[in-house]
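Subject: Structure handover

Hello,

Here is the structure for you to look over. My notes on it follow below.

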Amino acid sequence: MSDGAISQDEIDALLSGVSMDGLNSSGQVSSGPAVHIDVPTLQGLADELKPKLEANINQYTNASFSAGNPVVELVDRDRVLSRLPEVVIGVMADYNGGINGEHMYLLAPEFAQKLFSLVNSEEVTEVDDMVLSVVSEIVATHVSAQINSLDATGKLPGLSYATPDCVNEPKAMVRFPQGEFTLCTYPLTVDGEAFTLWECIAGDISEKMSAALGGGVEEAAPAMDFGMGASMGQPAAPQMGMGQPQMSMQPQMGMGMGMAQPQMGMGMGMQQPMMGMPQMNMGMNMGMNVPNVQSLQYPNLQTAMNPGEQGNIGLIMDVYMEMTVELGRTKKSIKEILGMGEGTIIELEKLAGEPVDILVNHKQIAKGEVVVIDENFGVRVTEILSPMERVSDVR
């Protein structure tokens with residue numbers, strides 16, 4: 001933007017380390033490793049788990065939840081963010097045995113509060129540790145049901161998952177799997193209210209799950225080239241004893257023109273008359289060892305951020321930083337400062353109504369306007385300084 005301000009969506013993207021145009025900080029398109037996920041097979045698993053999820057929640061809440069048909073699809077982080085409320089309950093239940101990788105559930109805070117109120121027969125107005133504990137228990141039971149279904153295949157021995165870690169935070173701060181991953185959407189209704197439980201499974205975990213359940217993607221076999229390019233690193237034409245020989249009836253010199261002699265073809269329908277000379281390889285090798293020539297691969301000069309580095313910011317999400325709001329500044333002589341007393345008015349360089357400065361660790365990052373929330377002062381962010389503006393202040 002020309003004034004250096006950015007939108008709230010861009011702020012969310014900056015917090016999560018992903019830019020709005022799909023590029024990472026290195027300027028390259030970020031993508032995870034290529035995986036082959038059989039979505040219909042995972043859809044079958046979700047359909048199998050649907051009645052178990054319904055029974056599980058009803059057992060905990062003593063209510064009558066009705067589960068709709070789940071939907072399984074391949075998504076990325078941006079597509080999921082567009083469907084979530086601004087604040088979500090995230091339950092990390094990563095697999096750490098048999099298969100290892102990221103696995104989590106998401107739900108709206110209102111859904112979490114509803115579950116708690118049904119379990120404890122007590123209404124709550126905010127999400128606290130007790131609410132998160134109830135959600136964690138329900139999710140843990142569902143993950144156990146999923147493991148039982150996978151164990152039945154006998155192809156993933158020793159399956160286990162980490163103790164669920166439940167958080168209540170803005171959706172932009174959620175640790176999503178890198179690249180493309182599986183999203184299972186479970187619609188649930190109770191007492192006329194509709195809720196949703198989202199399950200996110202990392203791409204590599206999804207691939208192993210679908211493979212264990214009998215799914216998978218068959219890769220096409222490479223096509224064989226029986227042309228003239230065997231000496232240039234391409235597949236050579238089949239030789240004697242390495243396939244079905246091609247038979248033809250050709251008149252041969254020295255054996256009488258009226259007699260036919262079977263002759264072995266050399267591919268492409270070409271026949272070589274036998275004239276007492278040794279047959280020559282039609283791949284133009286002429287008995288010579290031709291080197292396999294390959295083009296030189298130059299390294300990428302751009303420094304790309306690998307998926308592990310992008311996720312490392314999650315390690316410091318709970319580190320506190322000092323945030324201050326600066327109303328204004330002025331300079332006074334020592335004599336004026338010593339002469340201050342009660343009732344002294346200090347005039348600042350800021351004009352009335354001018355935005356105040358918001359600093360993190362004494363470094364300005366934004367501007368805002370002062371507001372009053374109940375009996376407390378607050379600041380509404382009106383502008384985020386652009387990276388160029390922040391860098392220009394560095395000396």
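Start with two helices: α4 and α5 are roughly perpendicular to each other, because angles of 65 to 115 degrees count that way and their axes cross at roughly 90°. Please keep in mind that this is a predicted model. Helix α4 covers residues 109–120, and helix α5 covers residues 129–151. Their axes come within 9 Å.

Which residues of α4 and α5 meet? On the α4 side they are Ala112, Gln113, Leu115, Phe116, Val119 and Asn120. On the α5 side they are Met130, Val131, Val134, Val135 and Ile138. Nine of the residues in this contact are nonpolar and two are polar. None is charged.

Helix α4 also packs against α2, which spans residues 39–61. Here the angle is about 50°, with the axes 7 Å apart. That makes α2 oblique to α4. From α2 come Ile57, Tyr60 and Thr61; from α4 come Leu115, Leu118 and Val119. The class count is five nonpolar and one polar, with no charged residues.

**Two loop residues to check**

Asn62 sits in the loop between α2 and β1 (66–67). Its phi is positive, about 55°, although Asn62 is not a glycine. At 74% relative accessibility, Asn62 is exposed, because the cut-off for exposed is over 50%.

Ser121 is in the loop between α4 and α5. Ser121 is not a glycine either, yet has a positive phi of about 50°. Its relative accessibility is 70%, so Ser121 counts as exposed too.

**The chain as a whole**

The protein has nine helices and 16 strands. It runs to 395 residues, and 34% of them count as buried. Take the contacts between residues at least 6 apart in sequence: 60% of these join residues at least 24 apart. The accessible surface comes to about 24,900 Å². Carbon and sulfur atoms account for 57% of that surface.

**Salt bridges**

How many salt bridges does a search of the whole structure find? The count is 11.

Arg175 is one to look at. Its side chain meets that of Asp94 in a salt bridge, at 3.1 Å from N to O. Arg175 lies in the loop between β8 (165–170) and β9 (181–190), and Asp94 in the loop between β3 (87–92) and β4 (95–97), so this pair ties together parts that are 81 residues apart in sequence. Is Asp94 buried or exposed? Asp94 is buried, with a relative accessible area of 19%, because buried means under 20%. Arg175 is partly exposed, at 33%.

The side chain of Arg175 also meets that of Glu102 in a salt bridge, at 3.4 Å from N to O. This pair links distant parts of the chain, 73 residues apart. Glu102 is in the loop between β5 (99–101) and β6 (103–107). With a relative accessible area of 25%, Glu102 is partly exposed.

Two further items belong here. Lys350 and Asp357 meet through their side chains in a salt bridge, at 3.4 Å from N to O. Asp357 counts as buried, at 12% relative accessibility.

Ala172 is buried, with a relative accessible area of 3%. What is the distance in space between Ala172 and Arg77? The two are 9.7 Å apart, C-alpha to C-alpha. In sequence, 95 residues separate Ala172 and Arg77.

- Arg175 with Asp94, then Arg175 with Glu102
- the positive phi of Asn62 and of Ser121

Best wishes

Key:
Residues numbered from 1 in each chain as written. Predicted model: local features only at pLDDT ≥ 70, side-chain atom pairs only at ≥ 80, totals over all residues. Heavy atoms only, no water. Axes fitted to C-alpha atoms, helices over the stretch in contact; angles between N-to-C directions. Helix = DSSP H or I, 4+ residues; strand = E, 2+ residues; numbered from the N terminus. Parallel < 35°, antiparallel > 145°, perpendicular 65-115°, else oblique. Contact = heavy atoms within 4.5 Å. Nonpolar A, V, L, I, M, F, W, Y, C, P; charged D, E, K, R; others polar. Buried < 20%, exposed > 50% of the residue type's maximum accessible area, 1.4 Å probe, protein only. Areas by Shrake-Rupley, 256 points an atom, 1.4 Å probe, with all protein chains shown as cover. Salt bridge = Lys/Arg side-chain N within 4 Å of Asp/Glu carboxyl O.
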